[in-house]
Amino acid sequence: MAGGGAPRAAAGSLLRFRGDAPTASNVALGKPTRASSVLYPDNYAARATDGKFDSIFHSDTEAKPYLVVDLGAAFSIESVRVMPRLDFNSSRFMGVEVRTGLTQVQGPDFTSYTRLALFPGPAYLPTTWFTQNLTQPVAGRYVSVQRTAEPGGLLEITELEVFARQ
Ligand SMILES: [Ca+2]
């Protein structure tokens with residue numbers, strides 16, 4: 001064979017150069033999700049991880065409503081971000097904690113998990129991402145999002161994204 005260099009990537013394969021680090025991607029997308037309650041049947045938990053801005057998870061009124069996504073495996077989480085409601089009710093987004101752990105916790109007490117973020121809120125229009133970039137990656141499989149503001153209320157999440165390298 002002419003040239004004698006390193007084998008070339010087969011046609012159609014992902015080209016990756018030596019030394020490249022994989023880019024962190026949203027590992028919560030499409031993953032199984034559950035919630036403490038759902039106010040309307042169409043606003044079930046997985047609406048928060050479906051990748052769509054025109055669908056929303058909407059809890060009932062509770063002391064500490066929450067949402068939990070199972071990433072399916074442990075990841076080294078580098079950042080998380082949450083998109084509240086996109087309309088005027090975004091102001092209900094208050095005291096929202098994001099935590100992660102390696103084992104399933106039923107809830108509503110997620111204090112055994114590592115806290116990744118506390119977004120005091122409220123959100124104002126136009127609604128934008130609430131983002132927390134972690135100084136050190138945190139290992140986790142289950143990611144909880146919980147309204148901790150007193151008194152209780154509603155938790156409404158358009159999207160939850162969890163970034164890790166795969
Ligand atoms: Ca959605």
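Reader: Okay, where do I start? How do β4 and β8 run, and how many bridges join them?
Author: Keep in mind that this is a predicted model. In it, β4 and β8 run antiparallel, joined by seven bridges.

Reader: Can you give me a pair to click on? What's the bridge partner of valine 82 in β8?
Author: That's leucine 160.

Reader: And which sense do β4 and β7 pair in?
Author: Antiparallel, over 12 bridges. For a spot to look at, aspartate 70 has tyrosine 142 in β7 as its bridge partner.

Reader: What about β2 and β4, over how many bridges do they pair?
Author: Three, in the antiparallel sense, with β2 covering residues 33-35. Arginine 34 stands opposite valine 68 of β4.

Reader: Stepping back, how many helices and strands are there in the protein chain?
Author: Zero helices and eight strands. Going along the sequence, the pattern reads β-β-β-β-β-β-β-β.

Reader: What share of the contacts with a separation of 6 or more comes from residues 24 or more positions apart?
Author: That share is 73% in the protein chain.

Reader: Now the inside. How many residues are in the largest nonpolar core?
Author: It has 33 residues, and the ones touching the most other members are Leu67, Val82, Val145, Ile157, Leu160 and Val162. At least two residues of this core come from each of β4 (66-84), β5 (96-101), β6 (114-119), β7 (130-147) and β8 (156-164). β4 gives the largest share, 10 residues.

Reader: Let me zoom in on isoleucine 157. What is it in contact with, leaving aside neighbours within four places in sequence?
Author: Isoleucine 157 is in contact with Ala48, Ile56, Phe57, Leu67, Val82, Pro84 and Val145.

Reader: And how much of the protein chain is buried?
Author: Buried residues are 33% of its 166 residues.

Reader: Does it count as buried or exposed, and why?
Author: Glutamine 106 counts as exposed because it has 9 C-beta neighbours inside 10 Å, and the cut-off for exposed is 12 or fewer.

Key
Residues are numbered from 1 along each chain as its sequence is written. This is a predicted model: local features need pLDDT of at least 70, side-chain atom pairs count only at pLDDT 80 or more; totals for chains, interfaces and linings use all residues. A nonpolar core is a set of buried Ala, Val, Leu, Ile, Met, Phe, Trp, Tyr and Cys residues joined through C-beta atoms within 7 Å. A residue is buried if 20 or more other C-beta atoms lie within 10 Å of its own, exposed if 12 or fewer, and partly exposed in between; C-beta atoms are placed from the backbone. Helices (H or I, at least four residues) and strands (E, at least two) are DSSP runs, numbered from the N terminus. Two residues are in contact if their C-beta atoms, placed from the backbone, lie within 7 Å. Two strands pair if DSSP finds at least two bridges between them.
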